[in-house]
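Q: I'd like to learn how to read a model like this one, feature by feature. Could you walk me through it?

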Amino acid sequence: MTAIFWLINTVLDLYALCLLVYVIISWLVAFNIINSYQPLVQTINGFLGRLIEPAVRHIRRYVPPFNGLDLSVIVLFLGIRFVQILINTSIAPMFY
């Protein structure tokens with residue numbers, strides 16, 4: 001059972017890392033630091049967009065932008081951390 005909890009934590013960590021990279025790339029494109037027309041940037045941004053946007057889209061229904069700042073990504077990141085803490089402190093100790 002420990003392996004299953006480790007796998008869930010690892011997948012959530014990877015998703016949080018993808019979320020962080022997606023936010024950083026969007027900032028770099030918004031401030032014209034990197035060119036969004038380069039093939040590598042398009043590939044990475046397209047892949048991460050297909051991975052992140054479905055989850056963020058559901059959160060955007062309930063959390064409107066605050067002064068132009070999209071808070072749905074922060075809510076998603078906090079939700080990921082909440083699930084990890086819940087698994088590690090409440091659910092996993094029941095199986096040890």
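Predicted model: local features only at pLDDT ≥ 70, side-chain atom pairs only at ≥ 80, totals over all residues.

A: Let's start with elements: helices (H or I, at least four residues) and strands (E, at least two) are DSSP runs, numbered from the N terminus. Residues are numbered from 1 along each chain as its sequence is written, and side-chain values use heavy atoms, with hydrogens and water left out.

Q: How many helices and strands does the protein chain have, and in what order do the elements run?
A: The protein chain has 3 helices and 0 strands, so to speak a plain α-α-α from the N terminus on. The chain's radius of gyration is 16 Å, well over the 12 Å that the rule gives for 96 residues, so the chain is more spread out than a compact globule. Along the principal axes, its C-alpha atoms fill a box of roughly 50 × 30 × 20 Å.

Q: What share of the contacts comes from residues 24 or more positions apart?
A: Contact means heavy atoms within 4.5 Å. Among contacts with a separation of 6 or more, 59% are between residues 24 or more positions apart.

Q: Is Asn-32 buried or exposed?
A: Buried means under 20% relative accessible area, exposed over 50%, and partly exposed in between (1.4 Å probe, protein chains only). Asn-32, at 69%, is exposed. Across the 96 residues of the protein chain, 25% count as buried.

Q: What is the phi of Asn-32?
A: As background, most residues other than glycine have a negative phi. Asn-32 has a positive phi, near 55°. Asn-67 is another one to look at: its phi is positive, about 55°, although it is not a glycine. Asn-67 is in the loop between helix 2 and helix 3 and counts as exposed, at 71% relative accessibility.

Q: Which side chain does the side chain of Asn-9 make a polar contact with?
A: A polar contact is a pair of N or O atoms within 3.5 Å; within protein, one must be able to donate a hydrogen and the other to accept it, and residues adjacent in sequence count only if both atoms are side-chain atoms. For Asn-9 the partner is the side chain of Asn-88, at 2.6 Å. Asn-9 sits in helix 1 (residues 2-30) and is buried, with a relative accessible area of 14%. Leaving aside residues up to four places away in sequence, Asn-9 touches Gln-84 and Asn-88.

Q: Where does the side chain of Thr-89 reach?
A: To the backbone oxygen of Ile-85, at 2.6 Å. Thr-89 belongs to helix 3 (residues 72-91), and at 53% relative accessible area it is exposed.

Q: How many salt bridges does a search of the whole structure find?
A: The general idea is that side chains of opposite charge can pair when their charged atoms come close. A salt bridge is a side-chain nitrogen of Lys or Arg within 4 Å of a carboxyl oxygen of Asp or Glu. The search finds 3. One of them pairs Asp-13 with Arg-81, with the closest N and O atoms 3.1 Å apart. That pair links distant parts of the chain, since Asp-13 is in helix 1 and Arg-81 in helix 3, 68 residues apart.

How values were computed
Rg over C-alpha atoms; globule rule 2.2 N^0.38 Å.
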